[in-house]
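Please open the model in your viewer and keep the sequence panel beside it. The tour below goes from one selection to the next.

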Amino acid sequence: MQRCGVIICRYSTVYDPNEKTFDKILIANRGEIACRVIKTCKKMGIKTVAVHSDVDSSAVHVKMADEAVCVGPAPTSKSYLNMDAIMNAIKQTGAQAVHPGYGFLSENKEFAKRLEAEGVTFIGPDTHAIQAMGDKIESKLIAKAAKVNTIPGFDGVVKDAEEAVKIAGEIGYPVMIKASAGGGGKGMRIAWNDEETREGFRFSSQEAASSFGDDRLLIEKFIDNPRHIEIQVLADKHGNALWLNERECSIQRRNQKVVEEAPSTFLDPDTRRAMGEQAVSLAKAVKYSSAGTVEFLVDTKKNFYFLEMNTRLQVEHPITECITGLDLVQQMILIAKGYKLQQKQSDIPINGWAIESRVYAEDPYKSFGLPSIGRLSQYQEPLDLPNVRVDSGIQEGSDISIYYDPMISKLVTYGKTREEALKKMEEALDNYVIRGVTHNIPLLREIIVHPRFVSGDISTKFLPEVYPDGFKGHMLTAGERRELLATAAALYVAAQLRSQKFLGDLRVSIVPAESRQWELCVELDQGVHMLGVSRSGNNYTVEIDGEKVEVSGEWNLASALLPITINGKHRNLQFKLRVLSKLAAYLSKHMPEKIPEDTSSILRSPMPGSVVAVSVKPGDNVAEGQEICVIEAMKMQNSMTAAKTAKVKSVHCKAGDTVGEGDLLVELE
Amino acid sequence: MATYTLMRSSLGLLHGLKCSFKSVGQIPYTGVLTQSKVLQNARCYSVSHLSVQERIEKKRKAALTGGGQLRIAAQHKRGKLTARERLELLLDPDSFVEYDMFVEHRCSDFGMEADHNKYPGDSVVTGQGRINGRLVYVFSQDFTVFGGSLSGAHAQKVCKIMDQAMMVGAPVIGLNDSGGARIQEGVESLAGYADIFLRNVMASGVVPQISLIMGPCAGGAVYSPALTDFTFMVKDTSYLFITGPDVVKSVTNEDVTQEELGGAKTHTTVSGVAHRAFENDIDALLNLRDFFNFLPLSNKDPAPVTECHDPRDRLVPGLDTIVPFESTKAYDMLDIVHGIVDEREFFEIMPNYAKNIVVGFARMNGRTVGIVGNQPKVASGCLDINSSVKGARFVRFCDAFNIPIITFVDVPGFLPGTAQEYGGIIRHGAKLLYAFAEATVPKITVITRKAYGGAYDVMSSKHLRGDVNYAWPSAEVAVMGAKGAVQIIFRGKENQAEAEAEYVEKFANPFPAAVRGFVDDIIQPSTTRKRICRDLEVLASKKQTNPWKKHANIPL
């Protein structure tokens with residue numbers, strides 16, 4: 001019950017359970033955001049109703065809520081997007097208001113309308129604002145009228161790929177093709193030439209259709225190397241609006257945010273105010289109420305352009321809460337009930353610095369993160385550290401399935417300064433234990449210590465620029481390598497010694513090996529290192545290339561985290577090492593090489609997902625790079641291409657199939 | 001003082017590290033092994049003018065080289081280690097005590113009496129040593145001497161250590177790498193095999209016997225491993241068959257490769273002859289060391305208890321949600337096993353054969369336990385011929401060697417069908433029933449979900465002297481599933497759905513079994529580890545004996 005942790009870094013907000021809002025709120029969402037909303041409801045003395053799909057029936061948000069209603073089977077279109085079922089749940093439970101979270105029905109005007117018709121309060125803006133801001137074309141026109149800086153582009157729906165190419169030519173490359181109804185980076189493609197425009201148009205319209213049920217696309221000038229900075233706004237139903245400062249969300253992969261911080265290192269007070277004021281004037285122009293976010297692209301000269309307005313609570317809202325001390329969910333509920341904003345603009349502080357890392361179940365070594373699924377066999381959040389907040393909706397034993405977003409949690413750290421917050425983030429990531437699924441902590445850990453990130457020199461292209469050949473993992477320094485090797489060697493010896501410890505009365509006595517010295521070989525990154533280890537008590541001295549490293553610790557071999565002291569200091573790394581006795585390593589040269597499967601003629605699914613289309617059949621001739629099939633996972637479409645020119649031998653999947661990571665899709669001859 | 005934290009791999013400490021430490025380049029090694037290097041041509045000597053002391057030295061040196069450098073090189077080229085290298089890896093450093101280094105074969109036919117055909121020690125290295133300090137008897141067949149073929153002398157050496165192992169009460173490990181009988185010796189070789197077989201049978205249930213097949217093992221030779229408790233194989237370099245591909249072709253006209261006929265994959269997935277396969281010699285030997293730590297030395301010893309860092313009262317929150325609400329939906333029994341045992345370490349036996357049942361060794365608060373679990377992920381976890389036999393043999397091993405048995409039950413019943421009936425599911429299913437019923441070691445049973453019909457009785461039920469039987473709240477102990485039951489009880493009744501709901505309400509829960517005392521308690525899944533550890537402490541002094549009999553008569 002308690003696992004879904006929202007340990008808020010300093011809300012200054014007062015929760016008065018007698019302040020009349022709602023008796024019961026239904027949360028039309030799942031995962032961490034549902035837990036997040038429930039948490040505040042509990043503090044405000046409001047009863048909560050969770051909705052869930054059948055596979056989510058034992059999910060954390062379901063257990064946290066006072067009541068829960070199943071709204072359908074696993075696919076989101078049949079459950080969390082199933083308005084009829086959710087409307088029934090509302091009637092059945094007598095909920096007076098609905099908090100939509102983010103995603104799903106949060107920006108769906110139909111849903112808001114239906115609630116209104118039933119006399120149920122939608123905790124969010126009214127339908128007019130959702131509609132106006134939800135449509136990228138309309139929102140741009142409104143923004144222009146409200147004197148908000150906008151990006152040059154085509155203010156209409158693009159009919160087909162050829163028209164896209166024509167418009168792109170007029171605006172000038174590069175251009176951005178994106179779904180009119182979109183958000184969250186889905187259905188978005190960048191094109192640098194005519195060919196890419198055609199391809200991008202096709203993919204985006206498919207993705208848009210599957211994600212939003214609306215394949216309308218638009219095109220605009222692509223601002224190269226920009227920062228993504230957004231302004232949080234809060235507006236009530238009485239025409240008052242505030243801007244709660246910015247969030248810097250430039251660290252992105254495939255247009256999805258990975259690391260966010262508040263405030264931004266880049267903004268000066270004047271720019272911040274200018275952006276804040278434009279954001280507020282846009283909010284007022286659409287008679288906005290509730291929490292909302294106005295996204296801007298900011299170029300290197302601090303010119304900023306309106307991107308879009310998200311008429312919902314953002315994923316990354318916690319960092320704003322950390323620096324302003326406001327509970328945004330509470331504010332949304334109060335506003336929805338019709339309360340006036342208590343604060344004035346001058347009351348909104350920037351207290352300290354907050355950083356958020358999105359911890360995903362994905363493989364960071366494949367295009368900075370391809371979804372991974374599985375069961376969290378071990379899961380331990382670093383909540384024992386001060387100034388760390390983890391928003392999650394899962395616990396040990398939870399399944400990360402192909403049906404939903406692969407986000408595991410949002411890890412937020414707070415400090416008086418950015419440096420302090422970063423240091424805390426390092427520590428928190430190092431103490432986070434996730435087993436059973438591949439996760440992106442190695443990448444997050446690298447980003448937050450990268451000199452460019454630390455100095456604040458970032459843009460939305462940070463990842464591809466810093467890792468042009470993809471993320472390869474942490475590059476060890478000579479010192480780190482030594483320490484890692486020494487730790488592995490000491491750990492190996494500790495484990496070896498333990499395996500000689502038999503308890504109880506023994507009929508045949510034990511004759512333990514009398515070693516005080518061990519000669520070991522450790523393999524790390526293809527290299528083999530010879531080490532000498534000697535021990536006294538729990539302290540090990542490891543000799544590597546003539547240098548001595550002292551390692552000591554408790555050596556609790558059952559614990560996932562092992563606190564060890566090495567010559568003083570240091571940190572946590574996850575590496576694959578192999579330790580062998582010198583003898584075993586010496587004899588390894590005789591072991592036969594296992595021939596790996598020839599992968600050029602075999603196409604395997606790089607991730608779990610479903611097959612959208614298969615474009616070949618057995619006997620077809622395919623050229624290298626030709627599309628063979630398309631796999632959709634977590635609403636992203638991935639084109640699988642042939643690794644060589646060959647004839648198709650066999651096809652092992654068909655459209656609509658669900659495939660797991662590593663499943664054979666197509667064999668070539 | 002700052003701290004250094006290190007992530008521990010989820011499957012055992014540094015465990016994955018052992019497999020395929022491939023071509024690590026030049027590792028200088030100056031241990032015992034290099035002794036053999038000086039002996040390049042040690043076999044060309046004349047004995048007449050040497051003192052006894054010198055002759056001892058010469059013989060010892062010759063014994064260490066086995067069949068000579070050329071054959072050693074050939075052995076290495078096949079990706080195999082020599083008999084002595086293997087022992088060196090298997091045993092603790094400097095712990096090997098060799099027997100019968102001077103034994104030579106006694107054959108005088110076909111020119112075998114010639115000096116150059118005599119090898120001190122003949123084609124097997126025997127003796128005793130230590131694995132993690134614990135005593136073990138070993139023999140390691142030397143393929144470099146007459147292809148490891150079995151001579152009378154070879155058999156005699158093996159018998160000697162087996163006899164002593166029985167008297168002392170310590171396990172026997174055989175490293176098999178032999179072309180078969182020593183043809184030159186004829187019937188003497190056959191007699192040798194039989195002598196070993198007899199000792200395998202006599203030692204069965206007295207001391208654990210383990211065979212590791214590290215090369216060919218064909219013809220009559222296969223029956224020694226078959227009689228031992230566990231047979232492990234090395235992938236790609238080991239074979240087990242009665243007759244090779246050539247004979248198969250001439251008799252049945254089947255075209256089959258050695259690998260297909262008797263390779264590690266065949267025996268660990270299709271035939272069930274071998275219990276596990278490893279990547280290569282080193283991987284196999286290092287894993288065997290780990291495996292050995294689970295076993296008691298003999299049937300007179302209790303299951304070993306090692307130092308344990310995993311708290312005995314650790315809660316496992318993930319188990320509260322592991323069983324899906326829909327009773328038709330599968331989950332992985334291994335997730336439950338890993339969650340409950342010490343440090344998630346589970347040495348699975350036969351992981352790729354009859355996967356609808358999971359068996360293997362683990363520890364609970366340091367004490368070795370045998371785990372048996374139905375696997376809902378494969379064939380709904382039903383019992384069929386292969387899974388019954390797999391489970392029965394494992395249960396009997398545990399019972400013979402005082403290893404407590406923990407059984408996780410989610411079984412919809414026995415698999416129906418002509419294939420099963422014609423194959424003798426009645427006879428084979430009875431084996432598992434028999435094994436659980438006769439076992440007198442501590443028996444703890446956890447019903448996680450379905451326990452239907454006869455299969456409920458079989459799976460270490462209270463009625464078969466289960467010591468502690470638990471049910472999770474998701475347990476359904478019933479004669480059969482709701483649909484089938486309703487068709488019988490309410491035959492012809494109009495409203496079948498209503499009847500079904502009534503049946504589910506009545507029987508698809510743990511209460512019918514709990515009110516009758518057939519389960520001792522209904523427990524929260526997350527507390528399972530805590531409960532089992534506590535029960536094992538209590539049951540450690542359990543004493544139970546079956547009636548006197550010459551031997552029991554298990555339905556074979």
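Two strands pair if DSSP finds at least two bridges between them, where strands (E, at least two residues) and helices (H or I, at least four residues) are DSSP runs numbered from the N terminus. This is a predicted model, in which local features need pLDDT of at least 70, side-chain atom pairs count only at pLDDT 80 or more, and totals for chains, interfaces and linings use all residues. Residues are numbered from 1 along each chain as its sequence is written, chains are lettered from A and ligands numbered from 1 in the order in which they are written, and side-chain values use heavy atoms, with hydrogens and water left out.

Begin in chain B by selecting strand S13 (residues 357–364), which runs antiparallel to S14(B) and is joined to it by 8 bridges; Gly360(B), for example, has Ile371(B) as its bridge partner. In the hairpin of these strands, 2 residues lie between them, and Asn365(B) takes a positive phi near 50 degrees.

Finally, turn to chain A, where an open sheet of 4 strands has the order S30-S37-S35-S32 with antiparallel pairing; its edge strands, S30 (602–604) and S32 (621–622), each pair on one side only.
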